[in-house]
Amino acid sequence: MDLRVWVRLLGCAKVIEKRLRRNFEDQFQTTLPRFDVMASLAREPEGMRMGALSRALLVSNGNVTSIVRQLQDQGLVVSKPDPEDARSAIVSMTEAGNARFQELATAHHGWVREALKGFPPEQQRQLLDLLIQLKSTLS
């Protein structure tokens, strides 16, 4: 049973993630990883250290560095030396980045809503409650 639950959870997540990836590329010429970086930075208006950003996204420093450089090239984020640690940088969104993120987040929300539209809200609530319980047992 445990493997069946795991495979089903993973399968559902992959179906939705594939749609999100395709929609970001087709409609905004961007990627889901770029959106994820921007979403993390949007929650931290003062910016984040690169290491904290990597940990928040559960990816390597190299992956985050590459994405941050792409977003910098587009003028959506800035990276400044950390005044407390010269070896580290603090990344934050620009005004243009915040505006772009709002546009992307609105679309993202709509796509997720569309993906789940056939799953009744009461069942979504039940599933959310179960997933919250599952996560607490994993911690």
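Reply: Accessible areas come from the Shrake-Rupley method with a 1.4 Å probe, and for residues only the protein chains shown count as cover. This is a predicted model: local features need pLDDT of at least 70, side-chain atom pairs count only at pLDDT 80 or more, and totals for chains, interfaces and linings use all residues. Residues are numbered from 1 along each chain as its sequence is written, and side-chain values use heavy atoms, with hydrogens and water left out.

Me: What percentage of the accessible surface of the chain belongs to carbon and sulfur atoms?

Reply: Start with the extent: the C-alpha trace spans about 50 × 35 × 20 Å along its principal axes. The accessible surface comes to about 9,800 Å². The part that belongs to carbon and sulfur atoms is 55%.

Me: What percentage of the residues in the chain is buried?

Reply: Buried means under 20% relative accessible area, exposed means over 50%, and partly exposed lies in between (1.4 Å probe, protein chains only). The chain has 139 residues, and the buried share is 26%.

Me: Which pattern does the chain follow along the sequence?

Reply: Helices (H or I, at least four residues) and strands (E, at least two) are DSSP runs, numbered from the N terminus. The chain has 6 helices and 3 strands. Read in sequence, the pattern is α-α-β-α-α-β-β-α-α.

Me: In what order do the strands form the open sheet?

Reply: Two strands pair if DSSP finds at least two bridges between them. Here 3 strands form the sheet, with antiparallel pairing, in the order β1-β3-β2.

Me: Which strands stand at the edges?

Reply: The sheet is open and its order is β1-β3-β2. Each edge strand has a single partner, so one side of it is left without a neighbour in the sheet; these strands are β1 (48-49) and β2 (77-82).

Me: Which residue in β3 does M48 stand opposite?

Reply: β1 and β3 run antiparallel and are joined by 2 bridges. Opposite M48 stands V91.

Me: Which helix lies across β1, β2 and β3?

Reply: Look at residues 32-42.

Me: Is S92 buried or exposed?

Reply: S92 sits in strand β3 (residues 85-93). Leaving aside neighbours within four places in sequence, S92 is in contact (heavy atoms within 4.5 Å) with P45, E46, G47, L76, V77 and V78. Because its relative accessibility is 15%, S92 counts as buried.

Me: What percentage of the contacts with a separation of 6 or more comes from residues 24 or more positions apart?

Reply: Take the contacts in the chain with a separation of 6 or more. Residues 24 or more positions apart account for 48%.

Me: From which helix does the largest share of the nonpolar patch come?

Reply: Patches are made of residues with over 30% relative accessible area and no salt bridge; like charges are joined within 9 Å, and nonpolar side chains (Val, Leu, Ile, Met, Phe, Trp, Tyr) within 5 Å. This surface patch includes M1, W6, F119 and L138, and its residues together have about 1,100 Å² of accessible area. α1 (2-28) and α6 (121-138) each supply at least two of its residues. The largest share, 6 residues, comes from α1.

Me: What does L134 count as, by relative accessibility?

Reply: L134 belongs to the patch and lies in helix α6. Its relative accessibility is 34%, so L134 counts as partly exposed.

Me: How many salt bridges does a search of the whole structure find?

Reply: A salt bridge is a side-chain nitrogen of Lys or Arg within 4 Å of a carboxyl oxygen of Asp or Glu. Searching the whole structure, the total is 7.

Me: In which helix do E17 and R21 both lie?

Reply: Their side chains meet in a salt bridge, N to O at 2.7 Å. E17 is partly exposed at 31%, and R21 is partly exposed at 39%. The two residues are 4 apart, about one turn, in helix α1.

Me: What separates E103 and R100 in helix α5?

Reply: E103 and R100 form a salt bridge at 3.2 Å, N to O. E103 is partly exposed at 41%, and so is R100 at 23%. Because they are 3 residues apart in α5 (residues 95-116), the separation is about one helical turn.

Me: Which residue forms a salt bridge with K117?

Reply: K117 is exposed, at 61% relative accessibility. Its closest N and O atoms to the partner are 2.8 Å apart, and the partner is E114.

Me: Which residues do salt bridges that share partners join into one network?

Reply: This is a separate case from a single pair. Shared partners link the salt bridges, and the one network joins R49, D82 and E84.

Notes: Axes are lines fitted to C-alpha atoms, for helices over the stretch in contact, and angles run from 0 to 180 degrees between N-to-C directions.
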